[in-house]
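Here is a short report on one model. Look at the picture first, then read on.

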Amino acid sequence: MSVEQTVETAAVEAAPRRPLPMQLKVGLAITGTIVILGLLAPWIAPYPWDTISMKTRFVAPNTTFWFGTDEYGRDVLSRTLMGTRLSLAMGVSATLVSLAVGVPMGLAAGYFRGWVDELLMRAADVLMAIPAIMLGLLVLAVTPPTLWKTSLAVGFVYIPPIARLARSVTLTLANEEFIQAAKARAEKTSYILFREILPNAWPPLIVEASLRVTYAILLGSALSFLGLGAQPPSSDWGLMIAEARSFIDRAPWIALTPGFAMCLLVIGVNLLGDGARERLDPRLKTRMGKS
Amino acid sequence: MLQIDDLTVRYRTPGGEIEALSSISVNVEKGATLALVGESGSGKSTVALAAMGLLPHEATIPAGRIAFDGNDIMTMPAEARRQLRGSRMALVFQDPFSVLNPSLRIGEQVGEGLVYHRDFSTERAFARAIELLDEVGIVNPEAVAKAYPHELSGGMRQRALIAGALASEPDLLILDEPTTALDVTIEAQILELLEQLRIRRGLTMLFISHNLGVVRRIADQVAVLYAGQIVEQGATEDILHRPVHPYAKGLLAAIPRLGEKKQRLAAIPGRLPDLRKPPVGCRFAGRCPFATPDSAAPQILRDLGDRKVRCTNAEHLRDTPWPHLGDGAPGEAFTAPVDSAPIVVAQKLSKSFTLSSGFSFKGWRPAATVKRIKPVDDISVEIAPGEVLGLVGESGSGKTTLGRTILRLVEPESGTIRIAGETVSDKPQRALEAMRRTAQIVFQNPDSSLNPRKTVGELLGRPIERFGLAPKADIPARVRSLLDLVRLPAHYADRYAHQMSGGEKQRVGIARALATEPRFIVCDEPVSALDVSVQAAIVNLLADLRDRLGVAYLFISHDISVVAHLADRVAVMHLGKIVEIGAADEIMNAPQHPYTIKLLSAVPRVDGPARQTGHLAAQPD
């Protein structure tokens, strides 16, 4: 007990200048590089991403085509770079969809309890009971597949975990005395939910959301792989891998390049999320001192 | 029996390395009880953990020697140490609510050590556990041994823990704040039990506490810790009656005493030094009213008569009392106009909760069992403007529920509440605007009552904005004046909760309650989470604010001495009912109800007749 207290007294002065966690630095570096490359893709890509050239089919990586060419003679590097934008847009927009729906759902369920909680969480359970791919298939099978519908579907799939997390955080926060204090000055429920509880719920939500970005990229790619997302000749990573599958023994570079890119992005975003949690949670440092 | 020489312990923390203990030397003779006293951050628990070899990974021990019965335990192999820990020395932790494993029966946990250290069979250990439970004064030990921890009250759990510690017949018992989490009447029983065990078994005890009254009942020797150093050490009665070191003086002066009503308590200003770079000279110098240029030189613990003191000026200070540094000048005591209508009237207020709706078998079919408690049972109280009504009671007596019910933070089941002439008990929540401004609340836990994501300026500005008490441009000025009111500097407006100490946070909590210019504040255990020296400052502040602003308080506390100090009238609550209510002096000096008498006699005092052992029979709870 006194251990913790001592740490607290020491932390009082030290609080503003804490070094950035290592994960955050590495994560920022990886993700930042990928994002910048994606944004600059039209200008830095060495070749047009969609120009077919039958003379240069299946060229192995060399000094002209750093990552080789595919079955239509298109430069794999250029396509992968352009695909970065699609994958990022997919991951981020899907996550935004799930946050926009899941967070208010979880806040309401955790704060009101009772039948509101039951109704919202059982709805989330139903959603969870359907496998993600199936749900995506369902949405996309009835309408012609486009990229934005894919991200909507993926976002929809990830509502339950976000809502559950928001709910569990709200459950603990709702018992804090500062919520009582807000009630004691007759604050509106919306103020309590979004101004008192939500700012404290952000750290775990941000971590979860960053994980969801990576899952969304993977799921989006999986749907594209199944032909339900981006359509040819688009250079979505999932689609690229799907198309390259038939030549994997002859020209493995066509599938490996977008595969590695995806891997790197997922690792980068995960590190970012982990680092952000360490950085954002004001209570974590006392916990670190204690254990 | 236990000898600690020159022990230094450091902790690695994200903010840098801190020195939790600096060259501590204590020696506990066989059969004696040494108490380590200090406030949070003094390093007292670290001593216990170091002696048991249970320091966390972040801790390093750059210097020192700990000897148990003549053997240096720091050079011992880990396995030998583990053997020693389970059999010859035992530790009782502070919180009986989290130490017991919830999924094991009490008897198994008490006898566990015997199975591992003495090769007892499980059955024999269980039988021995029943004997031990009997020894620590538990009625019906067979049934308790078969029970799970959640079925036991706090006092029973602490008894069970002590029984577990005694199982292996230890020579040394280390108790880390064993009664802090318990009510006073239970605390008295536990202290009684420890005293009996000590006599019966010849136990040696190292007793760690922040409560000087408790220490007085149990210890022969006291060592006062401050910022990782022992500042004074000697015989208990000596130190408690004639402290020499300024910190010990201040600590004793800050304690409110029963039957001795002063205008203001003495407080120790300032806070602990930064232990990452402990001051070279006296560590208390920054807060010491007697500091001289000599204080900047390193201080050594030296002999002064029968005791040891770490102060160069000890000889001069021997008979100087702690100066009465009131937290601000006490103004004219507030007197309420005699004929004014009461600010709060509660009549026949009731509230009950359904605790568990488990099920039990009636014959062959399960039937729902509903356990209801009534924390507020037909209570009527009135509070006059500017009056302080103290509300005392043990945990579970319903004090907090009563306070929150009056404010409609908990909905009453029946009864009427009138605040400032307005009947508020029959209105919907959204029609309570006026009442929410007039009546406010200060909470117990300063860590939980301030939103960690908001600056002090935002926290204090919000009520003003919410009730439109000032134009937006004037809010920063209003915040500054509120901070000034609770004696915090204006630049605190930019701080977050985690950048402040407990006492500072509590001041912000009080300022927030004052922001709406209320006429009535429910103070729900506002000082219970604070150290004695800080507690005194907060109590003084509350008294000053009452005198200046004429606010009425419902002051809830389990600590009768604090309530008696601040309140005009005192209400004693027991199992949802007010058993006695009257003028504070009358209740303290001539209590009528048996429960009040029991409560008052259980309070561990630092003054009054010497050693009050044996006056309270160890009753099973």
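Residues 1-16 of chain A keep a pLDDT under 50, and the model gives them 46 contacts beyond four places in sequence. Where pLDDT is low, the predicted coordinates should not be read in detail.

**Confidence**

Chain A has an average pLDDT of 81, and 90% of its residues score at least 70. Among its elements, helix α1 (residues 2-14) of chain A has the lowest mean pLDDT, 39. Helix α7 (residues 159-173) of chain A has the highest, 93. Chain B has a mean pLDDT of 85, with 93% of its residues at 70 or more. For the model, ipTM is 0.79 and pTM is 0.82.

**A sheet in chain B**

In which order do the four strands of the open sheet in chain B stand? The order is β2-β1-β4-β5, and the pairing is antiparallel. Strands β2 (16-28) and β5 (71-72) of chain B are at the edges; each has a single partner strand, so one side of each lacks a neighbour in the sheet. Strand β1 (residues 2-13) of chain B is joined to β2(B) by nine bridges. Across this pair, Q3(B) faces N27(B) of β2(B). Helix α1 (residues 44-52) of chain B lies across β1, β2 and β4 (59-68) of chain B. The helix runs at about 110 degrees to β1(B).

**A helix in chain A**

Helix α6 (residues 147-157) of chain A has several buried residues, including T150(A), A153(A), V154(A) and V157(A). Their cover includes α3 (76-112), α5 (132-142) and α9 (189-225) of chain A.

Most residues other than glycine have a negative phi.

| Residue | Phi |
|---|---|
| A186(A) | near 55 degrees |
| D119(B) | about 55 degrees |

A186(A) sits in the loop between α8 (177-184) and α9 of chain A. D119(B) is in the loop between α4 (106-117) and α5 (122-135) of chain B. Is D119(B) buried or exposed? D119(B) counts as exposed because it has 9 C-beta neighbours inside 10 Å. A186(A) has 19 other C-beta atoms within 10 Å, so A186(A) is partly exposed.

Conventions: Residues numbered from 1 in each chain as written. Chains lettered and ligands numbered in written order. Predicted model: local features only at pLDDT ≥ 70, side-chain atom pairs only at ≥ 80, totals over all residues. pLDDT = per-residue confidence, 0-100. Helix = DSSP H or I, 4+ residues; strand = E, 2+ residues; numbered from the N terminus. Contact = placed C-beta atoms within 7 Å. Pairing = 2+ DSSP bridges. Axes fitted to C-alpha atoms, helices over the stretch in contact; angles between N-to-C directions. Buried ≥ 20, exposed ≤ 12 C-beta atoms within 10 Å, placed from the backbone.
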